[in-house]
Structure formats: structure tokens, C-alpha cells
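Student: I have a model open and want to learn how to read it. Can we go feature by feature?

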Amino acid sequence: MAPSTTELPAQVVATEAALALISELQARHGPLMFHQSGGCCDGSAPMCFRQGDFLLGDNDVHLGDIGGAPFHINESQYEYWCHTQLIIDVVPGRGGMFSLEGPTGRRFLTRSRFYEECEWAVLLASGKVKPPG
């Protein structure tokens, strides 16, 4: 169901599988944070860290929280992704070398979907995104 024309759409969401893995990692490691590492398209890997183990810079953008964990992306990379909602999922395999889910045999994966016109209009009006160009 599409959001109303005034509801601010989430810029990052997580699947049930991702939320379950986040919960498992929080139980083991405490508070977590995410940073979208490299890549500008579906299949890129977000990195999961204990809060404070990854130093954020002035050019990192907080997109929102998933499972209670803040999710950030570098501003220059955000320019590639800003027109899409990031959907964090889990698939079998090894995560990034420093990402906490690595030893579990599962890894986080970023999928995306384009915003609907009404969602994009709300994001533009809110100042969360800038018009292209």
C-alpha cells in the first residue's frame, strides 16, 4: 500500500530476515550501526558495526534506523541512491570482512525500489532530498 501524499517515506527499511539477524547480532554485540559500503546499485553490501566502531564523517548522511540501529551512507554515494528506498535484506554467504554478520554464514544485502511520484514529492518538500541537476 502506498503512503499518503503527506507521509514521509522511510529512506531505508529492513526485511523480516534482516531484522531477525540484527536482533541476533544486538544480543551478541550490543548496540549496532550500519554504513552503506561501496557500490551504487542493488547487491551492494551494507556494513554492520558495533556502535562507535566505525567513525562517521561530516559527509555521512543518516537515512534512518533499522531494527533500532542507525543507518548511514556517504553523501557522494547517497547521490546515486537518493531516488530509491534502500531495502536491507539477508542472503546466504559471507559478509564484508569487518561486518559483524560475517561469521554467521549470512550477509546483509542492499536492494532498492524507486520512490513513487507522491513519495518523491514529499521527500522533496521535506528537504530530505534535492531535485536532480
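Student: Which residues touch the most other members of the largest nonpolar core?

Tutor: The general idea comes first. In soluble globular proteins, nonpolar side chains tend to be buried together. In this predicted model, the largest nonpolar core holds 25 residues. F34, F71 and F108 touch the most other members.

Student: What does F34 touch, not counting residues up to four places away in sequence?

Tutor: F34 touches I22, P46, M47, C48, I66, A69, P70, F71, H72 and F108. Note that F71 and F108 are on that list. Those two are also named with F34 among the residues that touch the most other core members.

Student: Now the charged pairs. How many salt bridges are there?

Tutor: Look for a side-chain nitrogen of Lys or Arg within 4 Å of a carboxyl oxygen of Asp or Glu. By that rule the count comes to 5 salt bridges. One of them joins the side chains of R106 and E24, at 2.8 Å from N to O. This pair links distant parts of the chain. R106 sits in strand β7 (residues 106-114) and E24 in helix α1 (residues 16-29), 82 residues apart.

Student: Are R106 and E24 buried, exposed or in between?

Tutor: Read the relative accessible area. Under 20% is buried, over 50% is exposed, and partly exposed lies in between. R106 has 27%, so it is partly exposed. E24 is partly exposed too, at 28%.

Student: Which residues are linked with R106 in a network of salt bridges?

Tutor: E24 and R28 are. The three residues form a linked network.

Student: What does R111 pair with?

Tutor: R111 forms a salt bridge with D89, and the closest N and O atoms are 2.9 Å apart. This pair also links distant parts of the chain. R111 is in strand β7, D89 is in strand β6 (residues 84-92), and they are 22 residues apart. R111 is partly exposed, because its relative accessibility is 35%. D89 counts as buried, because its value is 13%.

Student: And what about R113 and E119?

Tutor: Their side chains meet in a salt bridge at 2.7 Å, N to O. R113 is partly exposed, with a relative accessible area of 28%. E119 is buried, at 3%.

Student: Last feature. How do I read the largest pocket?

Tutor: Take the volume, then the lining. The largest pocket has about 280 Å³ of space. It is lined by 13 residues, and the closest to its centre are Y78, E79, C82, V129 and K130. Helix α2 (residues 75-81) supplies the largest share of the lining, 3 residues.

Student: How do the lining residues divide into nonpolar, polar and charged?

Tutor: There are 7 nonpolar, 2 polar and 4 charged residues.

Student: Is E79 buried or exposed, and where does it lie?

Tutor: E79 lies in helix α2. Its relative accessibility is 60%, so E79 counts as exposed.

Student: How far apart are E79 and V129 in sequence and in space?

Tutor: They are 50 residues apart in sequence. In space, C-alpha to C-alpha, E79 and V129 are 9.1 Å apart.

Methods
Residues numbered from 1 in each chain as written. Predicted model: local features only at pLDDT ≥ 70, side-chain atom pairs only at ≥ 80, totals over all residues. Heavy atoms only, no water. 1 Å grid on protein atoms, 1.4 Å probe; cavity = no way out; pocket = protein on both sides within 12 Å on 5 of 7 lines; lining within 4 Å. Points joined across faces, edges and corners; volume = space filled by probe spheres on them. Helix = DSSP H or I, 4+ residues; strand = E, 2+ residues; numbered from the N terminus. Nonpolar A, V, L, I, M, F, W, Y, C, P; charged D, E, K, R; others polar. Buried < 20%, exposed > 50% of the residue type's maximum accessible area, 1.4 Å probe, protein only. Core = buried A, V, L, I, M, F, W, Y, C linked by side-chain atoms within 4.5 Å. Contact = heavy atoms within 4.5 Å.
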